[in-house]
Amino acid sequence: MDKTMTLLLFFLSTTLLLTASLAKDLCHKDDKITLLKIKKSLNNPYHLASWDPKTDCCSWYCLECGDATVNHRVTSLFIQDGEISGQIPPEVGDLPYLKSLIFRKLTNLTGHIQPTIAKLKNLTFLRLSWTNLTGPIPEFLSQLKNLEYIDLSFNDLSGYIPSSLSSLPKLEYLELSRNKLTGPIPESFGSFSGKVPSLFLSHNQLSGTIPKSLGNSDFYRIDLSRNKLQGDASILFGAKKTTWILDISRNMFQFDLSKVKLAKTLNNLDMNHNRITGGIPAEWSKAYFQLLNVSYNRLCGRIPKGEYIQRFDSYSFLHNKCLCGAPLPSCK
């Protein structure tokens, strides 16, 4: 055999070995078995057509695998915007390296939040939103100590908000809006064990007064709008706080606005449709607002003159007891 033929054979054999190596499944066999069970549990939807047992599951749509340091285990599962019916498959709890779990915009997804999610001790990101999930927010979420982000919005969840959620040490974002939650805001939400998270509880049926403990917390974003809350919400304000968004609209809050001190960082403030009294403080003339609405309250007095306040039209101030001055009619 001449030298040229030897080199050619060497090249071909090397290429075949490399191709075989590249074709090797990166996906862990246990994860592949679990994913195929999840697909079957969801009635083999077209949305998961790429989940072919003959191919590497790390190449499948709706998931991601980690790198070699975690042996290419599945770390992210995101099933969204598909024609999928049924319940969250219990097998999701059998993906032990999962850090992110998303079921979103699946209007035919029903049932309760799957209890086997409690097994996902590495989970940092949980989004179960825009579905028809029912039942309570489960207490077991407080066992997932690595959770940083929880979004359970746009569902049909009911019952009380578990006070144990405040014990999550890494939580930075809690979104429970647009459900059918009832009862009070937990007292413990004034003392989260880690950072004070951005808190969104709007469009529910929450009732009672705001826990006084919330006044000790500095929420960067807090939205309590469209509930049945009452009492003194002025504790959410404060000159030394770093609040950026504060929405308490469409509740039954009562307090004297003239005694409120604004955070210098406050950018979006909505208080419409409450029972707030007093006047708008003169200091507001220096405040920078991108959104401001104090309509449908019981406010009186002159609206302070300021570059940013006068940017808003009368809609932001209408239906108060006796507010006057631009953009409303002049004071008598």
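1. Basis of the note. This is a predicted model, in which local features need pLDDT of at least 70, side-chain atom pairs count only at pLDDT 80 or more, and totals for chains, interfaces and linings use all residues. Residues are numbered from 1 along each chain as its sequence is written, and side-chain values use heavy atoms, with hydrogens and water left out.

2. Confidence. The chain has a mean pLDDT (the predictor's confidence in each residue, from 0 to 100) of 92, and 93% of its residues reach 70 or more. The pLDDT falls below 50 over residues 5-10, a stretch with two contacts (heavy atoms within 4.5 Å) beyond near neighbours in sequence. Residues 12-23 also have pLDDT below 50, with zero such contacts in the model.

3. Helices (H or I, at least four residues) and strands (E, at least two) are DSSP runs, numbered from the N terminus.

4. Faces of helix 2. Buried residues (under 20% relative accessible area, with exposed over 50% and partly exposed in between; 1.4 Å probe, protein chains only) of this helix are D31, K32, T34, L35, I38 and K39. They cover an arc of only 165° around the axis, which puts them on the same side of helix 2; the arc is that of the directions from the helix axis to the C-beta atoms. On the other side, K29 and K40 are exposed. The cover over the buried residues includes strand 1 (63-65) and strand 2 (74-80). After the helix comes N43, with a positive phi near 65°.

5. Strand 2 and its partners. Six of the seven residues of strand 2 are buried, so this strand is largely enclosed by the rest of the structure. Strand 1 pairs with strand 2 in the antiparallel sense over three bridges, and L63 stands opposite L77. Pairing requires at least two bridges found by DSSP between two strands. Strand 2 and strand 4 (residues 100-106) run parallel, joined by five bridges, and I79 stands opposite F103.

6. S316. This residue lies in the loop between strand 20 (300-302) and strand 21 (322-324). S316 counts as buried because its relative accessibility is 6%. Leaving aside neighbours within four places in sequence, S316 is in contact with L292, N293, V294 and S295.
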